[in-house]
Structures are given as structure tokens and as C-alpha cells.
Amino acid sequence: MTTLPTSGRAWHLVRRPNGWPVPEDFALVESPVTEPGAGRILVRNLHLSVDPYMRGRMNDVKSYIPAFELDKPMTGGAVGEVIASNDERFAVGDHVLHDLGWREYADLKADHATRVSAELAPLSTYLGVLGMPGLTAYAGLFEVASFKEGDTVFVSGAAGAVGSQVGQMAKLRGAKRVIGSAGNADKIKLLTEEYGFDAAFNYKDEAPVAQQLREAAPEGIDVYFDNVGGEHLEAAISSLNVHGRATLCGAISGYNETEPVPGPRNMMAIIGKRLRLTGILVGDHAALQPQFVEEVSGWIRSGELKYNETVVEGIERNVDAFLGMLRGENTGKMIVSLGK
């Protein structure tokens with residue numbers, strides 16, 4: 001019988017950030033680890049996810065997902081190995097996906113775990129390209145934005161976990177042209193040379209986003225996948241063609257602002273162009289999961305769809321990874337690895 005650890009560490013939110021989070025808003029707390037109760041499993045986490053949506057959960061506001069509670073372990077996507085089971089559906093040694101991240105050991109209801117296979121794909125991919133970000137890209141492009149062959153697509157935050165998949169999926173399904181924005185020259189090179197984007201620009205350059213987008217898509221765009229909001233959304237509305245569609249996935253440019261962020265100044269264009277702007281929450285698209293896994297895993301195996309991960313080692317650096325992701329230091333999915 002495996003000897004269980006007596007304690008494990010977990011990150012707590014100890015105060016609500018005002019603007020940009022700082023390390024002092026968090027604390028790494030050690031707590032006892034015990035045998036799981038009936039219908040529960042104990043998981044040693046191997047890979048943890050940090051994602052932009054987590055910033056919103058640090059605010060004490062009513063939203064689509066409950067706020068993090070102060071002085072309690074934070075949550076988020078995680079993949080780990082079952083080290084004790086009190087449920088017949090899971091055996092010691094199984095690998096599972098669950099939502100009790102930000103910690104070394106997770107004691108959870110077996111109902112809340114999904115078995116994953118390290119033989120089908122690297123375990124970390126179930127937090128990225130084959131996980132929530134990948135499904136967000138797939139559902140947001142094909143279902144929400146009603147993508148069709150021949151569309152010209154613009155993606156903001158295009159080197160991130162979601163955006164990088166959106167652009168490639170659009171190309172694989174026959175987009176006429178795919179344009180991306182990112183925040184440095186290396187990411188621009190990655191988009192055009194590895195991910196197959198037709199054009200990409202650095203939104204931090206002196207030229208306004210609207211100008212750079214017009215130059216990259218002189219005939220306009222049909223679909224916009226928004227991960228950034230702000231100036232990008234205003235620029236996209238200007239460039240969208242009649243009956244254009246936008247999927248509003250995130251607005252990371254405003255997540256750490258202390259005052260309300262102004263909306264686009266060209267909203268009237270939505271009427272004249274008969275545009276459709278639709279928000280996406282990935283939980284609404286769970287029915288697509290089997291189709292998504294089948295199609296995307298095939299693209300990965302064939303080498304047609306590429307992905308990157310930025311891996312930070314150690315539970316001690318979980319907050320560093322989260323803050324780095326908010327600053328755009330990641331290429332592809334930001335992962336915290338706790339070792340084997």
C-alpha cells in the first residue's frame with residue numbers, strides 16, 4: 001500500500017487585488033492530507049493551469065463563476081495521478097483532469113474527475129490544446145462565430161493558448177486569410193512561420209491597432225475572435241465586413257483596471273453593417289467535447305495543428321506563472337509543473 005503524504009501546500013488568496021495583483025495578495029499554506037472518504041479520490045497534482053479568467057474571480061463581484069474565497073485554497077484546472085481511491089471507478093495510478101488546482105494534493109469527489117490518457121497525448125495538453133482553451137477556440141470559432149470556408153479571420157492575443165488554436169483551426173477549415181496580433185517580435189514570427197497565419201502585427205508598435213489591421217486585411221474581415229477587448233475590439237468593428245461576426249472571449253486589456261474601461265466608440269457601425277457580437281462561455285458548449293477531441297487530436301497527430309506550452313516548475317512559482325501570464329510572458333498555454 002502506498003504511504004500517503006501527511007501534508008501538502010496550497011495557494012490561498014489572502015486579500016483582493018486592487019488593480020494588478022501582487023505576490024502579497026497570495027499565501028502558500030500547508031494543510032494536512034488524509035485518506036479520501038467514500039466516493040472520493042486523492043490526487044497528486046502533476047500539472048496546474050493558470051488562466052486569464054482567474055483574475056476576475058479574485059474580485060468580490062457577482063459573475064458567471066463564483067469569486068475565490070479569501071483564506072481558502074484557490075481552484076483551477078489540474079491534471080494528476082490518483083494516489084488513493086475510495087470509489088470503484090478510479091484506481092491508484094489513474095490520471096485524471098479536475099478543477100482543484102493551485103495545490104499539491106487534491107481530495108475531491110470522484111464525480112468531479114475525468115480520466116485522461118498519457119498514451120493518447122501528453123498530460124499537460126489536457127489543460128491546453130485538448131482542454132478548456134482548445135474547446136473554447138473550437139466552439140468560439142465554429143459554433144459561436146459560424147465560421148465558413150473563405151472567411152477572413154482576425155484573432156487578438158493570437159499567440160496565447162486560445163488564440164493560437166483559433167488561427168490554425170480557421171486555416172485548417174479553409175479560411176481565405178488569417179491575421180493575428182501579439183505583443184512582441186518573437187510571437188509575430190511564431191504566428192507566421194510556425195502557426196501558418198497569413199499576417200501578424202505587434203499591437204505595441206506606434207501605429208494604432210486599427211491602422212495595422214487595415215493594412216493586414218485591406219478587404220476587411222469576416223470573423224473576429226476577441227481575447228483582448230479595448231482598442232482591438234474597436235479596430236475589429238471598423239474592419240468587419242457587412243454581416244461580420246465576432247466572438248467575445250476575453251478582454252485581458254482591462255482585467256486589472258481600477259476604473260470602468262470605455263467601450264468602443266464606433267458602436268453605430270454594428271447597426272449599419274448588421275454585425276453579430278456574441279460572448280462565449282465554454283461551459284455552454286460541453287456537447288461539442290467528443291467531436292472536438294476527435295478532430296483536434298487527429299490534427300495534432302498528423303502535425304497539422306501545432307501548440308506551444310510555457311512551463312514554470314514548482315508549486316512555489318504558481319503565482320509567478322499567473323502574473324507572467326497576465327503580462328503576456330507565455331507563448332501558448334502557461335503550465336505549472338509539479339514534477340513526476
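**Figure 1. Lining of the second largest pocket in the predicted model.** Strand 1, strand 2 and strand 6 (105–109) each contribute at least two residues to the lining of the second largest pocket; the structure shown is a predicted model. The volume of this pocket is about 220 Å³. Its lining comprises 14 residues, and those nearest the pocket centre are Ser31, Pro32, Val33, Tyr105 and Asp107. By class, the lining residues are 7 nonpolar, 3 polar and 4 charged.

**Figure 2. The largest cavity.** A search of the whole structure returns 1 cavity of 30 Å³ or more. The largest cavity has a volume of about 50 Å³. Its lining is formed by Gly128, Val129, Ala161, Ser164, Gln165, Tyr307, Asn308, Glu309, Gly332 and Lys333. These lining residues are classed as 3 nonpolar, 5 polar and 2 charged.

**Figure 3. Helix 9 and the elements that cover it.** Helix 9, spanning residues 318–326, is mostly covered, with 8 of its 9 residues buried. The buried residues are Asn318, Val319, Ala321, Phe322, Leu323, Gly324, Met325 and Leu326. After helix 9 comes Gly328, which has a positive phi, near 80 degrees.

Figure 4. The largest nonpolar core holds 43 residues, of which Leu141, Met169 and Val296 touch the most other members. Two or more residues of this core come from each of helix 2 (132–144), strand 8 (152–155), helix 3 (163–172), strand 9 (177–182), helix 4 (185–193), strand 11 (221–226) and helix 8 (289–302). The most is given by helix 2, which supplies 7 residues. With neighbours within four places in sequence left aside, Leu141 is in contact with Ser146, Phe147, Val166, Met169, Ala170, Val223 and Phe225. In soluble globular proteins, nonpolar side chains tend to be buried together.

Figure 5. Gln212 is located in helix 5 (residues 209–216). Because its relative accessibility is 10%, Gln212 counts as buried, the cut-off being under 20%. The Gln212 side chain reaches the backbone oxygen of Asn202 at 3.0 Å. When residues up to four places away in sequence are not counted, Gln212 touches Phe201, Asn202, Tyr203, Asp205 and Ala207.

**Figure 6. Surroundings of Tyr126.** The loop between strand 7 (114–116) and helix 2 contains Tyr126. Tyr126 has a relative accessibility of 12% and therefore counts as buried. A polar atom of the Tyr126 side chain lies 2.8 Å from the backbone oxygen of Ser117. Residues touched by Tyr126, not counting those up to four places away in sequence, are Val79, Leu97, Val116, Ser117, Leu120, Ala121, Gly131 and Met132. Tyr126 and Ser49 are separated by 77 residues in sequence, and their C-alpha to C-alpha distance is 9.8 Å.

Definitions and conventions:
Residues are numbered from 1 along each chain as its sequence is written. This is a predicted model: local features need pLDDT of at least 70, side-chain atom pairs count only at pLDDT 80 or more; totals for chains, interfaces and linings use all residues. Side-chain values use heavy atoms; hydrogens and water are left out. Buried means under 20% relative accessible area, exposed over 50%, partly exposed in between (1.4 Å probe, protein chains only). Helices (H or I, at least four residues) and strands (E, at least two) are DSSP runs, numbered from the N terminus. A nonpolar core is a set of buried Ala, Val, Leu, Ile, Met, Phe, Trp, Tyr and Cys residues joined through side-chain atoms within 4.5 Å. Contact means heavy atoms within 4.5 Å. On a 1 Å grid over the protein atoms alone, a cavity is a set of points where a 1.4 Å probe fits but cannot get out, and a pocket is an open set with protein on both sides within 12 Å along at least five of seven lines; lining residues have an atom within 4 Å of a point. Grid points are joined across faces, edges and corners, and a volume is the space filled by probe spheres set on the points. Ala, Val, Leu, Ile, Met, Phe, Trp, Tyr, Cys and Pro count as nonpolar, Asp, Glu, Lys and Arg as charged, and the others, Gly among them, as polar. A polar contact is a pair of N or O atoms within 3.5 Å; within protein, one must be able to donate a hydrogen and the other to accept it, and residues adjacent in sequence count only if both atoms are side-chain atoms.
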